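Trainee: Could you help me learn to read a protein model? I'd like to start with a helix and then look at the spaces around it.

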Amino acid sequence: MQVVKRDGHIVDFDRSKIVTAIRKANAEVDPEEKVDDAKIDEIVRGIEEKKRKRILVEDIQDIIEHDLMLDGKYILAKTYIIYRYTRELVRKANTTDDSILSLIKNSNKDVMEENSNKNATVASTQRDLIAGEVSKDLTRRVLLPEKISKAHDEGVLHFHDADYFLQPIFNCCLINIKDMLDNGTVMNGKLIESPKSFQVACTVTTQIIASVASSQYGGQSVDMIHLGKYLRKSYEKYKKKFTEKFGDKVDADTLESMIQERLEDELRSGVQTIQYQINTLMTTNGQSPFVTLFLHLDPEDEYVEENARIIMEVLRQRLEGIKNEAGVYVTPAFPKLIYVLDECNALKGGKYDYITEMAVRCSAKRMYPDYISAKKMRENYAGNVFSPMGCRSFLSPWKNEKGEYVFEGRFNQGVVSLNLPQIGIIAKGDEELFWKLLDERLELCYEALMARHNALMGVTSDVSPIHWQYGAIARLEKGEKIDKFLMNGYSTLSLGYIGLYEVTKLMKGVSHTEPEGTEFALAVMNHLRGACDRWKADTGLGFALYGTPAESLCYRFARIDKARFGTIPDITDKGYYTNSYHIDVREDIDAFSKFTFESQFQKISSGGAISYVEIPNMAKNLDALSELVKFIYDNIQYAEFNTKSDYCQVCGYDGEIQINDDNEWECPQCHNKDHSKMNVTRRTCGYLGENFWNVGKTKEIKARVLHL
């Protein structure tokens, strides 16, 4: 038998090299991770008995890795892979040099634009990005099977967050904030006891958020419903204090008024603490914590009135905004807000409609909150209402040993996304070929997701105490493995997908909004969902179909396919693919119809789904916005509004900014011409961050287009 090396060189098979490599890896792991000589001989004989004339060195690696993992030796398997390639990597030229040097020179556009939440010119952020480039290089060359790396490079799939894959950390989570506040936690080796007031609870919450965000690479969500208890504690504290001091001097109404005034001050200060801390803290990942606040009222909750006041204050402060360096109130990027519509606040005469009215005003000016329909969510998730994770992926319902549904304290292990349009391009309308290619590529996605899962198996709680030892996810002992939280559907593995519109157009010649196209698109979606369900049944792992914001991936896939297949009208000529199941931004469709159409795909894509509509001049269309909010409650699970709006950050001008005679953008009110201090938005998603400018002959804006 001969072995084909990675560079194509052919050598004779030598069993001693494999034995030596496994033994050297064996020497580097703990005793419980070792295998004996008999097992090593069994693995080598299994390779020899295949009796191939030629075998790829990658296939040998796969066989050894598979056998070690079947034996439960996950850490040994990882150690073996790293050892096996060490000498070759030393000889091979490092592929990170150019990317790192260009990053330092601020010329690496791909890396600098990949995450809009990071300022890639700041030294502290660059450290994280540099580490990410090293991780991506090792992931591609060492940690992933070559066919997965090749599929990623060719745009067959996207192996998300390779810049963090080298480390044993996961994607996003729902922080178990209730447990951490009620039972205390530990940060940096210091005990944080259960708060005695709302203000302290808010401070501790932001500390937890920052600590959690520094030890994972995706977003996290916090359910604000758990803070109501602490607002009640503050009320009781002030009531006791003021009664003792003034009880015999003022009447009951005056006393209550004094208590409420002081409580209102603490409420305002506590919420302000959350907002300002989140926006001013910098995690070790080089960005503000990617956090979502879940605003949900439960009329059955003991603290519902306190929670109503908290949510109202969160919305009031978001409506006001945060001052920028010029002293002008602007829209902060974080925290993201998600507001739940239920019977009590769906603008149908409910007790808390007044809060929803504030939410609508907030959306009109500040884009947030997003909206979740409790009614539709209960239909799709076994009667439960819970927050998506910070990255907007959803968990599947899961019950503990008591038969209780649990969502907080759970997480996502990672994401791999599939390029649907590329399959359609290759199939050229041949449906038999299309379904064959789809299944082949789904198997690649499965292997890539299993690589994510296996990379976390065997990891101990010491890797992130805030997650695993002190309550964000669990309260394990030091040195205890996290494996049980990776199994049995407790956490999810997400299959993403891009371009349902384009693949339908390629295969059927029409949009997926047309009857024939809809039938095909639903068949594709159900096929993807079926694959996830099958993988889940086969492995017991929590596979989920994930159709939420993909940002730069929409462009990466389109760019790769255009280079490979050329310009294809309405496909690669646009420069982007549509995200997940979304209707293409150029289709003429009203907001109500768009929500109605896309809602049928949200139910299938239960691992993550959101829909957008754009409303021009939202601040002047509050009635229309309110009608859409009512519509959301009855018709779609998760929705968000975007708008077209200009905004000057210097003077606060909220109107159209135009190009002057010198081809410069200029605020008509204060005549500011500094692009970095104005937002000019002419696109669907309402992105209010950095814009790129093209003010030549066309005098048109060329914004960073995400087409969410």
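Mentor: Asp 430 caps the N-terminal end of helix 17, with a side-chain oxygen 3.1 Å from the backbone nitrogen of Glu 432. Helices here are DSSP runs (H or I, at least four residues), numbered from the N terminus. This is a predicted model, where local features need pLDDT of at least 70 and side-chain atom pairs count only at pLDDT 80 or more, while totals for chains, interfaces and linings use all residues. Residues are numbered from 1 along each chain as its sequence is written, and side-chain values use heavy atoms, leaving out hydrogens and water.

Trainee: What span should the 26 residues of helix 17 have?

Mentor: The expected span is 1.5 Å times one less than the number of residues. For helix 17 that gives 38 Å, and its end C-alpha atoms are 38 Å apart, so the two agree. Just after helix 17, Gly 458 takes a positive phi of about 90 degrees.

Trainee: How do I read a pocket?

Mentor: Rolling a probe the size of a water molecule over the atoms shows where empty space is left. On a 1 Å grid over the protein atoms alone, using a 1.4 Å probe, a pocket is an open set of points with protein on both sides within 12 Å along at least five of seven lines; lining residues have an atom within 4 Å of a point. Here, the second largest pocket is lined by 33 residues, and Glu 65, Met 69, Met 450, Ala 451 and Asn 454 lie nearest its centre.

Trainee: Which helix gives the largest share of that lining?

Mentor: Helix 17, with seven residues.

Note on methods: Helices (H or I, at least four residues) and strands (E, at least two) are DSSP runs, numbered from the N terminus. A polar contact is a pair of N or O atoms within 3.5 Å; within protein, one must be able to donate a hydrogen and the other to accept it, and residues adjacent in sequence count only if both atoms are side-chain atoms.
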